[in-house]
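User: I would like to go through the labels used for this model and see what each one rests on. Please set each value against its cut-off.

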Amino acid sequence: MNRCPRVLPSPLGRTRRAWLLVLTLGVLGGCGWQLRGHGDAPQHIDSLHIGGRITDRELLRELERDLDALGIARKASATQAQYSLIFLDQKSKRRTATLSGRARTAELELIEEIQFTLLANDGSEVIPPATVRDDRVFEYNEDDVLATDDEARLVRGEMRASLVRQIIGYLQRVGPRPPANAPAP
């Protein structure tokens with residue numbers, strides 16, 4: 001009977017693999033690579049009221065979902081919240097980016113822009129009016145308008161996610177507030 005001897009992995013092989021894994025993770029972490037996601041929660045914001053003029057309900061839902069995931073409580077009124085995120089303006093544009101040789105639309109450009117400010121519960125301005133913007137160009141197919149409209153909806157969804165990430169990036173820069181009864185410097 002020809003039996004192959006069973007070979008057990010040496011402990012040294014496991015150790016080398018473990019060190020290789022640690023080294024790989026260290027190199028990836030050292031170069032700034034990280035999984036794309038919510039990122040760090042704003043450290044100095046516990047509760048937030050959202051107000052102002054926002055016309056894109058999908059963007060508002062995405063922002064609320066991300067705030068919930070970051071552990072930031074949403075309050076119904078500005079007096080209950082630590083801060084108020086106020087949307088000042090929102091613009092959505094769609095325009096021809098390029099023309100084909102037959103002078104027909106070949107590519108469309110979508111532009112989304114939101115202007116907002118952040119106020120403390122005492123009414124002081126924490127973030128002055130700021131604007132976040134995203135623009136994307138995609139191929140327009142006049143022979144298949146339905147597919148083009150579907151693609152435009154998908155692109156707008158990606159743009160919403162980008163705008164929300166940009167807004168949360170602003171919120172992450174908010175520093176600690178001095179206590180209300182602290183003496184003025």
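Analyst: A residue is called buried under 20% relative accessible area, exposed over 50%, and partly exposed in between, with a 1.4 Å probe and protein chains only. The model is predicted: local features need pLDDT of at least 70, side-chain atom pairs count only at pLDDT 80 or more, and totals for chains, interfaces and linings use all residues. Residues are numbered from 1 along each chain as its sequence is written, and side-chain values use heavy atoms, leaving out hydrogens and water.

User: Why does F116 count as buried?

Analyst: F116 has 0% relative accessibility, so it counts as buried. Y170 has 23%, so it counts as partly exposed.

User: What makes the pair of F116 and Y170 edge-to-face?

Analyst: Rings of Phe, Tyr and Trp (its six-membered ring) pair if their centres lie within 6.5 Å; planes under 30 degrees apart are stacked, over 60 edge-to-face, and the rest tilted. That rule gives a count of 1 aromatic pair. The ring centres of F116 and Y170 are 5.3 Å apart and the planes stand at 85°, so the pair is edge-to-face. F116 is in strand β4 (residues 105-120) and Y170 in helix α3 (residues 145-172), 54 residues apart. Helices (H or I, at least four residues) and strands (E, at least two) are DSSP runs, numbered from the N terminus.

User: Which residue lies over the face of Y170?

Analyst: R173 does, at 4.5 Å from the ring centre. The rule asks for NZ of Lys or CZ of Arg within 6 Å of the ring centre and within 35 degrees of the ring normal.

User: Why is one side of β2 and of β5 left without a neighbour in the sheet?

Analyst: Two strands pair if DSSP finds at least two bridges between them. The open sheet has 5 strands in the order β2-β1-β3-β4-β5, with mixed pairing. β2 (73-75) and β5 (125-139) are at the edges and have a single partner strand each, so one side of each lacks a neighbour.

User: How many bridges join β1 to β2?

Analyst: There are 3, and the two strands run parallel. H49 has K75 in β2 as its bridge partner.

User: Where is L48, and is it buried or exposed?

Analyst: L48 is in strand β1 (residues 47-52). Its relative accessible area is 1%, so L48 is buried. Contact means heavy atoms within 4.5 Å; leaving aside residues up to four places away in sequence, L48 touches several residues, including L67, I72, Y83, L118 and L171. L48 and I72 are 24 residues apart in sequence, with their C-alpha atoms 6.9 Å apart.

User: What makes R74 and D68 a salt bridge?

Analyst: A salt bridge is a side-chain nitrogen of Lys or Arg within 4 Å of a carboxyl oxygen of Asp or Glu. For R74 and D68 the closest N and O atoms are 3.0 Å apart. E64, D68 and R74 are linked in a network of salt bridges. R74, at 36% relative accessibility, is partly exposed, and so is D68, at 43%.

User: Which salt bridge is formed by R95, and how accessible are its two residues?

Analyst: R95 meets E109 at 2.5 Å, N to O. R95 lies in strand β3 and E109 in strand β4, 14 residues apart. With 46% relative accessible area R95 is partly exposed, whereas E109, with 8%, is buried.

User: How many salt bridges does a search of the whole structure find?

Analyst: It finds 13.
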